[in-house]
Amino acid sequence: MHCAIQKAEALDGAHLMRILWQDGAESVYPAVWLRDNCQCPDCYLDSAKARKLLIEALDVNIGIKGLTFDRKKVHITWPNDHYSEYEAGWLKKRCFSQQAREKLQRELFLPGYDVVPFLFKHSPVLSRASFLHSLNLNILTTDNVLL
Ligand SMILES: [Zn+2]
């Protein structure tokens, strides 16, 4: 896949991570979102494609303690020394850039109609979506909408 990492760094007091891709594009990811989407066996149940980390256990003010990267992966250490790895392709697909957001909006939502609060009202499964929606990170609800 065409998504090698050129540079990854923590920004905004470590509350954001910015990736500069080899092709010159840039993506920004909130630390809280990265922590919530940790793919390690302690946090994520691959067989069920579901998160194990409880939303109550998530610190919305979490910052990145340590960050290293290579072309294919970003490695993050959290304040409690939890360790997460994110593959370049996985991150690229969930890119928070304006362009990617707009593309997803077009694909997933009817123009001018925010589907998330409606779905949440009718499905307790989407409580996480609602929480993340309150952070104004609408794109984070994508996984839930697709469930
Ligand atoms: Zn984890």
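Let's start with what counts as a strand here: strands (E, at least two residues) are DSSP runs, as helices are (H or I, at least four), and they're numbered from the N terminus. Two strands pair if DSSP finds at least two bridges between them. What you're looking at is a predicted model, where local features need pLDDT of at least 70, side-chain atom pairs count only at pLDDT 80 or more, and totals for chains, interfaces and linings use all residues. Residue numbers start from 1 along each chain as its sequence is written.

Now find the open sheet, which has three strands in the order β6-β7-β8 with antiparallel pairing. Because β6 and β8 stand at the edges with a single partner strand each, one side of each has no neighbour in the sheet. On average, neighbouring strands of this sheet are turned by 15° against each other, direction ignored (axes are lines fitted to C-alpha atoms, and angles run from 0 to 180 degrees between N-to-C directions).

Take β6 (residues 66–69) next: four bridges tie it to β7, and a hairpin of three residues links the two. Gly66 sits opposite Thr77 in β7.

Lys73 has Glu87 as its bridge partner in β8, and Ile76 stands opposite Ser84. This pair is a hairpin too, with five residues between the strands, and Asp81 in the turn has a positive phi of about 70°.

Finally, follow the side chains along β7 (residues 73–77). Val74 and Ile76 point to one face and are buried (20 or more other C-beta atoms within 10 Å of their own, with C-beta atoms placed from the backbone).

Technical notes. Buried ≥ 20, exposed ≤ 12 C-beta atoms within 10 Å, placed from the backbone.
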